[in-house]
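The sequence and structure come first.

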Amino acid sequence: MINKLLHSSSFKRISIFVVIALAIYAMKSMINLILLTFIFAFLMDRLVQFIEGKIPLNRKLIVVISYACIVGLLSYSLVMYLPMIVGEITALIKQLTTFYTAKHDNAVLNYIVKRIEEIKISSYLEQGFTFLLKYFTDISKIGLQTLLALLLSLFFLLEKPRLIEFTKKFKTSKVASIYVEIEFFAKKFVSTFGKVIEAQLIIAVVNCVLTTISLWILNFPQLGGLSIMIFLLGLIPVAGVIISLIPLVIIAYSIGGMIKVLYIAIAIAIIHGIEAYILNPNLMSSKTNLPVFYTFIVLIFSEHFFGVWGLIIGIPVFVFLLDVLEVTESKKV
């Protein structure tokens, strides 16, 4: 019985999956480079395919032009707008800190601040600011990892047909049985993880644009810093909206009182409605329509194991596992 189990295809597939998972966990110090390379390669490949369908040009030429445009735009944005954005983020942090430490005439606000102190949310905010400070001070390391990821994804796309042809040789080698299983997981990973990341990115961009327009209409200060915060938090499913609402409500109260808070709450509710009822159904598969409880549990555990990256990739990885396990929604009668 045990011998039969050890030689079964299911046991072999699970064993290979566990080995792959352990190998990735062992390389967690390189997780930034691995994930950035995959995300750049996947998104740029989708862009190249889209351009190929519209303009009859050589694939390699499209890849080179696309990367040159992306790198050029990023470089221009960093040179022109980075100092301004850093200044706005600094002012935003000072404004939030001032609000938190000041005494207010409103008894309800004083009670809320007191409760926040009791549950030590300030320590979590401090950890978040420390994390941001660490990343800003270690910008050279992040820049190097981003550059390496861009280069690796560029080489991958330039030689994609040749790479696929070369990799297929393993199918007739002595490790063919292992290759078949790895190919199975790779296809599932690209078709679920990649597409969910792509959908999250589109939703985050749309959410950022709509929210920034709303903030501009409501005369919010530090729009550059706020838009970056909203975009990054928009990459976190469900929880991102809730987290971003806290500083927005604080700033709204600081600049216009409770009426401004009401306006921003209505604006965020409308934008969240657009995201929930228009963007999500069209961009996300049925498997990503998870109960909120599952979503938060996945985010908590993924953040514990992968840090901030876990908040972004937790749901896509969980969706990938659901696809591997063939967990599908039951048909409605």
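Two residues are in contact when heavy atoms of theirs lie within 4.5 Å. The model is predicted.

**Overall composition**

The chain has 13 helices and zero strands. Read from the N terminus, the elements run α-α-α-α-α-α-α-α-α-α-α-α-α. Of its 333 residues, 33% count as buried. Among contacts between residues at least 6 apart in sequence, 73% join residues at least 24 apart.

**Residue Q145**

Q145 is placed in helix α7, which covers residues 139-158. Is Q145 buried or exposed? Its relative accessibility is 13%, so Q145 counts as buried, because the limit for buried is under 20%. Leaving aside neighbours within four places in sequence, Q145 is in contact with N32 and L33. With N32 there is also a polar contact, side chain to side chain, at 3.2 Å.

**Packing against helix α13**

Helix α13 spans residues 308-324. Two helices that pack against α13 are α9, residues 176-217, and α12, residues 292-306.

The axes of α9 and α13 are 9 Å apart, and the two helices pack at an angle of about 140°. That angle makes α9 oblique to α13, because only angles over 145 degrees count as roughly antiparallel. The crossing of α9 and α13 is right-handed. On the α9 side the contact is made by F184, F185, K188, F189, S191, T192, F193, V196, I197 and Q200. On the α13 side the residues are I312, I313, I315, P316, V317, V319, F320, D323 and V324.

How do α12 and α13 cross, and at what angle? Their axes come within 7 Å and cross at roughly 130°. Hence α12 is oblique to α13. The crossing of α12 past α13 is right-handed. From α12, the contact involves Y294, T295, V298, L299, S302, E303 and F306. From α13, it involves V308, W309, G310, L311, G314, I315 and F318. I315 of α13 is listed in the contact with α9 and in the contact with α12.

T192 lies in helix α9 and is one of the α9 residues in the contact with α13. At 8% relative accessibility, T192 counts as buried. Apart from neighbours within four places in sequence, T192 is in contact with V319, F320 and D323.

L215 has a relative accessible area of 0% and is buried. Not counting residues up to four places away in sequence, L215 touches F220, L223, L226, I230, L248 and I264. The C-alpha atoms of L215 and A252 are separated by 9.4 Å, and the two residues are 37 residues apart along the chain.

**Cysteines**

A disulfide requires a pair of cysteine sulfur atoms within 2.5 Å. By this rule the count comes to zero disulfides. C69 is partly exposed at 45% relative accessibility, whereas C208 is buried, with a relative accessible area of 13%.

**Accessibility of the residues discussed**

| Residue | Relative accessibility | Class |
|---|---|---|
| C69 | 45% | partly exposed |
| Q145 | 13% | buried |
| T192 | 8% | buried |
| C208 | 13% | buried |
| L215 | 0% | buried |

Notes: Residues are numbered from 1 along each chain as its sequence is written. This is a predicted model: local features need pLDDT of at least 70, side-chain atom pairs count only at pLDDT 80 or more; totals for chains, interfaces and linings use all residues. Side-chain values use heavy atoms; hydrogens and water are left out. Buried means under 20% relative accessible area, exposed over 50%, partly exposed in between (1.4 Å probe, protein chains only). Helices (H or I, at least four residues) and strands (E, at least two) are DSSP runs, numbered from the N terminus. A polar contact is a pair of N or O atoms within 3.5 Å; within protein, one must be able to donate a hydrogen and the other to accept it, and residues adjacent in sequence count only if both atoms are side-chain atoms. Axes are lines fitted to C-alpha atoms, for helices over the stretch in contact, and angles run from 0 to 180 degrees between N-to-C directions. Angles under 35 degrees count as roughly parallel, over 145 as roughly antiparallel, 65 to 115 as roughly perpendicular and the rest as oblique. A crossing is left-handed if the near helix is turned anticlockwise from the far one by less than a right angle, and right-handed if clockwise.
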